[in-house]
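The following note discusses how two chains meet. Please keep the structure at hand while reading the points in order.

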Amino acid sequence: MYECPNCGGNLRYDIPSKMMSCASCNSKFDPYEVSDKNGAQEQEEYEVTVFRCPQCGGEIYSTDNTAAGFCTFCGSSAVLESRLQKEHRPKYIIPFGQTKEQCKKAYMNMMGKAVFAPKELKSEKHINEFRGIYMPYWIYDVQQGGAGVQLKGTTEKRKGDYIITSYYNLNLDLNADYDGIAYDASSSFSDTISGNLAPFDTREMKEFTPAYLSGFYADSADVDNSLYAGEAEEFALGETQKFIEQYPNLRKYSIEEQGKMLQWKLHSTVDQVNGAMFPVWFMAYKNNNRVAYATVNGQTGKVVADLPVDVPKYLGASAILTIPIFLLLNRFFTVIPSILLGIVAMIAAVISFVYYEQIDDIAAQEGKENDKGAIAAKKRKQRKNHRKAPGGENLPPKSDAQLAAAVEDEKKKDTRKVVITTESSVVELTDPHMAMRMFDTIIMVVLVAGGLITGGVLEQYFTRITVVLSAVAVIVFWFRAWFRMDDIDARKGRGMGLTWILIPTILSVAVALINPVSDLYYYSCAGILLITMLIALVDLICCYNLFATRPLPQFHYKGGDDRA
Amino acid sequence: MHNKISLLKNVSGLLSVCLLAVFCLLLVSSPVMAEDILERPDGTVYTDETTGYKLEIHDDASLLEDTQLHALVKDMKGLVKYGSIGFFTTNIEYRSTSALAHDLYDKYLWNQSSAEESGTIFLIDMEQRNIYIYSNGVIYKTITNAYANTITDKVYKYASDADYYRCAKEVFDSELTLLEGRKIAQPMKYASNIFLAAALAILINYLLVKLFSRAKSPSEAEMLASIAATQRMNNINVQFERESKTYSPRSSSSSGGGGGGGSSGGGGGHSF
């Protein structure tokens, strides 16, 4: 706690004036002067008060010793335990530029558009719980280029039935520096949130002084600074390549070198890595065993929030939307029962696709499969446990970067490439998740478009073709969702809404193949399928709410999350 | 006894007079009845002199009795003011019931009068066990494919029960209802549409929620603008090295020509 030199009152950082302000006498002081007087500016470490939530074990700290009565991580109302601790000082800080009032306004602007959000998320009481937290980041400076860089360039032109490719040697002097590429350094701070909250303008970073933390909280860095070095270099590499290819004299050349080869030819290096603190307004909304986070970039005011859906409100709105759709259908859509069955089956296939995608997204989020920081924290925990084991000879790699690289390597082993070739370009997807998603989407588009075209050309086979193809899609996506469901703890033992669609789908295949005269069979099948589709859709919304919230965190050690 | 004989004579005389009167009546009315029974409606049965629209009956599969055909003609006459009307039954093999209906319309009803093009036929195809309504011109604006399907969906069960008269009567009654601007019941359409609408509404809302809740990731340009980046290049020297030639024939495409003329109506049907 910083005392006012004039009256001894509590000094806190005042966002509008960018000065330390005394709440008692309203005196203003420069933050660096305040820190100098306290002797904090020269030391490698500084003293903080650590607040620990008794519910989830989450820890945040501050130079101030007054804690709020609720936890930022799990949203629990609890008296936070506190202790004094020494923290390693980062090099830079971006002080808060957005006041709490501005943060609330930006948040409410966003919530105004979120018509299905629970009303609690918009309540005045709730939004008052926004808390200013400095999140730890690693700042990477990347240098590329030098004198006499040699690259290979190609040009292509068509001559009749031949493509003429010309190869060139490009020699150039290049100087490309990228200072301030930022990645979040806390494993408890989701990479998705931090990625979407970006960018922070690192050109506005200031030298760190603990005085800036007064009146705010901070999370500590718990991932190795080498963890995101590769990504920082990759980003810089992409920008340099773009710069070369868009340079006026070189526009017509495509650079041959890619990835590691380009990195080597451009003499790419991470010059230095420094710690920094970035400002984030943070709020947690707890509902049963789930928590939703709302964050606002404390520098730019950009809002990133989990937006769960109020199911009754959602169903009410859907009921209202049903009326115009019903009237439109009655006006323009009258089909014979067998065609109706084919169309309903196709919609069932689309629903099964959407359902599977949602389950896949939840599983990826719950398992933090795309969160490098969380993966590193998980590996580190495994490493700690491994060391305790007797005869622990095959120890996992020591640094988080090596651990993360091991995880990346494991991922690459499973990578299936999807190559999409068009007349003018070749798109290569190496991310297996993206590749599979692309494949699924293409299959669905082919199914729906193929079904409709078949309906136009081969009317008598429309029902058989669409129903059978749709049934295959439903069964495939059901199996995939069923397997993926194992990765979602919150859904274990609850079954899947998609299962309801299975039986009427198989029944529809039988009816379509038998092709009975009586319409009753078609109407019955379509009716049952539609009812089960409604059940699956309502379950889909519940699944969405899992996706839009997170499991309550359980921290067993500082900054770590054992669910990570 | 005498009285009884006298009464019997009087009664016999009265009965004889009555029988004679009935016989005379029969003699007077028999030419009309004979015409109805003997002349089975076939071909052009009636032509509206003012509009030129006509009524065609071709029961080639002999599904209706003469009296039923006469009754059907009465039912169909109400429709003639809207266009030419045809009732056809067949048991010949044809490529499809819809094609047959189209061709029958073209042969018997289309462009056969000076009136504005308008007509509808109802065909019972015993070979393919299908019923089909085909309409064209002004009537087709009302008896659309959707309504043709709705009507045939409603009446196919009569054809299944071999009640062809009832089947045809219901078709023409329904068409008359629609042409007079009234509505016909479509309970299954409404029932299926309400479920379909509900499913689509939930799905659309879900896709909207997914679309609008997705946080916008910063673009590469935004990322670059937020860091201190320096990009400089000079002393650029480009040297040609070599050239390669790859055979890659251009893909070619062509489109087909247009279709022929003829009537451009449509319809709908149902198997039975």
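1. Two strands pair if DSSP finds at least two bridges between them. The model discussed here is predicted. In it, strand E10 of chain A (162-184) and strand E6 of chain B (residues 228-247) run antiparallel and are joined by 17 bridges. Within this pairing, Ala176(A) stands opposite Gln231(B) of E6(B).

2. The contact between the chains draws on 71 residues of chain A and 61 residues of chain B. On the side of chain A that touches chain B, E10(A) gives the most, with 20 residues. Other elements that give two or more residues to that side include helix H4 (191-197), helix H5 (229-245) and helix H14 (519-547) of chain A. The residues of this side comprise 46 nonpolar, 16 polar and nine charged.

3. Helices also meet across the two chains. H14(A) packs with helix H7 of chain B (residues 187-213) at an angle of about 20°, their axes being 10 Å apart. H14(A) is therefore roughly parallel to H7(B), since angles under 35 degrees count as such. The crossing in which H14(A) passes H7(B) is left-handed.

4. Which residues make this helix contact? From H14(A) they include Tyr523(A), Leu530(A), Leu537(A) and Tyr544(A). H7(B) contributes, among them, Met188(B), Phe195(B), Ile202(B) and Val209(B). The residues of the contact of H14(A) with H7(B) divide into 19 nonpolar and two polar, with no charged.

How values were computed. Residues numbered from 1 in each chain as written. Chains lettered and ligands numbered in written order. Predicted model: local features only at pLDDT ≥ 70, side-chain atom pairs only at ≥ 80, totals over all residues. Contact = placed C-beta atoms within 7 Å. Helix = DSSP H or I, 4+ residues; strand = E, 2+ residues; numbered from the N terminus. Nonpolar A, V, L, I, M, F, W, Y, C, P; charged D, E, K, R; others polar. Axes fitted to C-alpha atoms, helices over the stretch in contact; angles between N-to-C directions. Parallel < 35°, antiparallel > 145°, perpendicular 65-115°, else oblique. Left-handed = near helix turned anticlockwise from the far one by under 90°.
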